[in-house]
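This briefing sets out the main features of the structure shown below.

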2 protein chains.
Amino acid sequence: MAKKLTKRSEDYSKWYNELVVQADLAENSAVRGCMVIKPYGFAIWEKMQAELDRMFKETGHQNAYFPLFVPKSLFEAEEKNAEGFAKECAVVTHYRLQNDPDNEGKLRVDPEAKLEEELVVRPTSEAIIWNTYKGWIQSYRDLPILVNQWANVVRWEMRTRLFLRTSEFLWQEGHTAHANKAEAIAEAAQMQEVYATFAEEFMAMPVIKGVKTDSERFAGAEETYTIEALMQDGKALQAGTSHFLGQNFAKAFDVKFATKEGKLDHVWATSWGVSTRLIGGLIMTHSDDHGLVLPPKLAPIQVVIVPIYKSEEELNRITEVAKELQRDLRNVGVSVKFDNRDTHKPGWKFAQYELQGVPLRIGIGPKDLEKRTVELARRDTLTKEFVAKDEVVNKVKDLLVEIQNTLHERALDFRNNHITKVDTFDDFEKVIKEKGGFVSAHWDGTEETEDRIKKRTKATIRCIPFDADNETGSCVLTGKPSQQRVLFAKAY
Amino acid sequence: MAKKLTKRSEDYSKWYNELVVQADLAENSAVRGCMVIKPYGFAIWEKMQAELDRMFKETGHQNAYFPLFVPKSLFEAEEKNAEGFAKECAVVTHYRLQNDPDNEGKLRVDPEAKLEEELVVRPTSEAIIWNTYKGWIQSYRDLPILVNQWANVVRWEMRTRLFLRTSEFLWQEGHTAHANKAEAIAEAAQMQEVYATFAEEFMAMPVIKGVKTDSERFAGAEETYTIEALMQDGKALQAGTSHFLGQNFAKAFDVKFATKEGKLDHVWATSWGVSTRLIGGLIMTHSDDHGLVLPPKLAPIQVVIVPIYKSEEELNRITEVAKELQRDLRNVGVSVKFDNRDTHKPGWKFAQYELQGVPLRIGIGPKDLEKRTVELARRDTLTKEFVAKDEVVNKVKDLLVEIQNTLHERALDFRNNHITKVDTFDDFEKVIKEKGGFVSAHWDGTEETEDRIKKRTKATIRCIPFDADNETGSCVLTGKPSQQRVLFAKAY
């Protein structure tokens, strides 16, 4: 049985790490900065994948797979992108191990098996994919290309945290090619919308849509569309980004197409991705001091049934009712686990499923059999009630919807209460320091000011939001004219 | 439009390569030996994954994810396994690129970013996983662990072929931990059975079940269970393997558990995997000189509807009927594409879908509208018939089943006609050289004889089959006593 979690109010970061490990979601591995995603954590990722994959396909995308490795010469073809990722690349230099004559029984890299050209382990796949698209695209008839890939990528991070920032992570990366600028921009905007819908409707995580400033933009992009969420500790989390890449990669890889009018033009591009980082965001949006809280739509187990019994005979009678309930619930599409293990006591199981965030728990004891009731416990509110057995299926169906909505509302209230308009730099610093959350402030539009604010407060511009008022003002730091408020925050 | 394929009888290998590329399944990439799996090829892999994943889950397995990299010291902990894979490992030695002062604008590996310990890109994950399981297993209560991972692996192959042998490939690898030997053996056997069922029922590819000899066994295994298929050119293909690993990895990584009786024992292990190589097997089992032939259960598109029209008005009337058909077929679970692109002619489309192995093609022209018929063409037999529109849905449902069965029967006949019993080495050589296929022969059980036969004929022992007669005899090469016939073949 796991130890009690550190309270969020005591040490949010410690609470997070303990929760991830104790709820069996993930753990650190023997490889610096790389995590092991345990079955329960991976089951959440599978639920996320299934929904996202469906949404990608509904918007006309197909999956494909491109190589893990990028030859150095391709990697550096688009200069800004290469510069953006060069400092965090794992590099393969050799292709063979051999016995080390100086260290018997041990292996060493075979110095004769040096690659002619080093291979970069993909930190993102624009380079290898655009080099491939060159062979796929001759004319406007070959466009658009709407491709996504589910893959692992590696970014050699110096400071890592489970799910939030790991040297290897799982993600999907969409890479599309278009015949004109407007279509590519529409695609990038559409995928931001898909991500926002997924975050709101499945993760129950409110997000703010906007675009990044120059300094926060994806390396090689002309515009980065982002969805930004707010965690319980007042820090923002970039939850998904979609990039309009202009013709940068087409130019770098010489990808031209014959237009309908018979001219040659460079192809327009987008890329977009979300990663296992979303699981970190999910945890930090809903969970509490008792452990994980999961929105029903992404919970690997929506309902757990725990029998409470003293004798074998009691267990048998309870099992009969439990299995009937399990079947009835499954018939209406609810995922149910009946935990009849005799190696653990009911109390242990209650604590475990609370820690693991199972939305609903059904307890059945001998008295329940008599009264034809069950005890139904909600994870989100930690409340319990007795429900007539015949009403359980309908009650569960209703509650799963209600919990999903409650979690979203709760998170939305918190987020809305943590967007603070400020007009002076004193207030700016105070809010960032004391309250946290998003600070909505005027900014003069320069990278220099952004940088100075970051140095003084650790807050960065999370996005220039789409839904801002058309309000002019003066930059909170320099007093220079500003066209609209932007959202600052400290961020993960 | 693609060029005509080389005939199988002319050059099987060339036919295969052309088919893979022209049917848009995969292509070579800029990275030596690594392939790009194109959307149509990847869609087949997704169908395979979905069925296999369901079968794994039905047998109690869960998915998880382990790091791509294995520190060298862990990699070499199980000596046989390390020895088996050392010569084909991609090795990461550095984690950063920098601008090269001697070569302006270019990047080079930063010599100061050398890793203290080299990282092997996983060729298989036993080492990293058993190092992880050490932390998961204390007592018999923690067992069994039934985990699978879908992942990419890298084996630096010198001679590669699309799908069949690539330096990077996609696969699943199951890794299970058990409290006793019998249970681990039962698991390994069960997964062989799962693979066999998948091959026969979904791929329509007959397989022979058996075990590997010492020399063909997985490095580090005590027993390797295999399924062996036969390709049209008479070469065998190892289509899936399941390994009983004994306590080898538990000993190498010191994974012990407290038994029910309170003793400490090493854990028993299995691992099992199939890969994108299966797509190569699928192609070489069913396809013909016209291109790919797909069993309906794995076809991304089961039915394609092609309109044949001269005027916009005709197209509109055909579209109405086609969309109705598409909806009706989808309602009964058939995947249907309606290809109404005006950029390609019907003849081009017919050829393309034939090349891509779509099981059924429906053509609708103006005359069909009059007669209330459609033209229905089968890919497997290349036959066509007119079918009354009202009967199409039932006809299609029946035909999809029939095609699946026909493909299996055809492949089974071919396979059975290519198992030849021989009792002299002359006959052995002759069959291997002239007819190909499996040669069923007596063997004295020694690695030396196996090796000599391989050197003389290029044939290896594909497996010691389970269903062999209990027949003793004399080794086909040495004349020494033999307990049963084994199956030799040249293999991919």
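The area buried between chain A and chain B is about 5,100 Å², with carbon and sulfur atoms giving 68% of that area. The model is a predicted one. In it, 63 residues of chain A are in contact with 63 residues of chain B.

**Interface between chain A and chain B**

- Between chain A and chain B, 30 residue pairs are in polar contact, counting pairs with both residues at pLDDT 80 or more.
- On the side of chain A that touches chain B, the residues comprise 38 nonpolar, nine polar and 16 charged ones.
- Four salt bridges are found across the interface of chain A and chain B.
- A salt bridge joins Glu46(A) to Lys57(B), and the closest N and O atoms of this pair are 3.0 Å apart.

**Strand pairing between the chains**

- Strand 5 of chain A (residues 91-94) pairs with strand 5 of chain B (residues 91-94).
- The sense of this pairing is antiparallel, and it extends over three bridges.
- Opposite Val91(A) stands His94(B), which belongs to strand 5 of chain B.

**Overall form of chain A**

- Chain A contains 14 helices and 27 strands.
- For its 492 residues the globule rule gives 23 Å, and the radius of gyration of chain A, 26 Å, is close to that value, so chain A is as compact as a globular protein of that length.
- Taken along the principal axes, the box filled by the C-alpha atoms of chain A is roughly 80 × 70 × 55 Å.

**Salt bridges**

- Over all chains, the structure holds 64 salt bridges.
- One of the salt bridges is formed by the side chains of Asp24(A) and Lys38(A), at 2.8 Å from N to O.
- This pair links distant parts of the chain, its two residues being 14 residues apart.
- Asp24(A) lies in the loop between helix 1 (12-22) and strand 1 (26-28) of chain A, whereas Lys38(A) lies in the loop between strand 2 (35-37) and helix 2 (39-58) of chain A.

**Backbone geometry**

- Most peptide bonds are trans, and most residues other than glycine have a negative phi.
- In chain A, the peptide bond from Leu143(A) to Pro144(A) is cis, with omega near -5°.
- Pro144(A) sits in the loop that runs between helix 5 (126-136) and strand 9 (145-154) of chain A.
- In chain B, Leu143(B) and Pro144(B) are joined by a cis peptide bond whose omega is about -5°.
- Pro144(B) is placed in the loop between helix 5 (126-136) and strand 9 (145-154) of chain B.
- Ala204(A) is not a glycine, yet its phi is positive, at about 55°.
- The location of Ala204(A) is the loop between helix 6 (181-201) and strand 11 (208-211) of chain A.

Conventions: Residues numbered from 1 in each chain as written. Chains lettered and ligands numbered in written order. Heavy atoms only, no water. Contact = heavy atoms within 4.5 Å. Buried area = accessible area lost by both parts, 1.4 Å probe. Polar contact = N/O pair within 3.5 Å; in protein donor to acceptor, adjacent residues only side chain to side chain. Nonpolar A, V, L, I, M, F, W, Y, C, P; charged D, E, K, R; others polar. Pairing = 2+ DSSP bridges. Helix = DSSP H or I, 4+ residues; strand = E, 2+ residues; numbered from the N terminus. Rg over C-alpha atoms; globule rule 2.2 N^0.38 Å.
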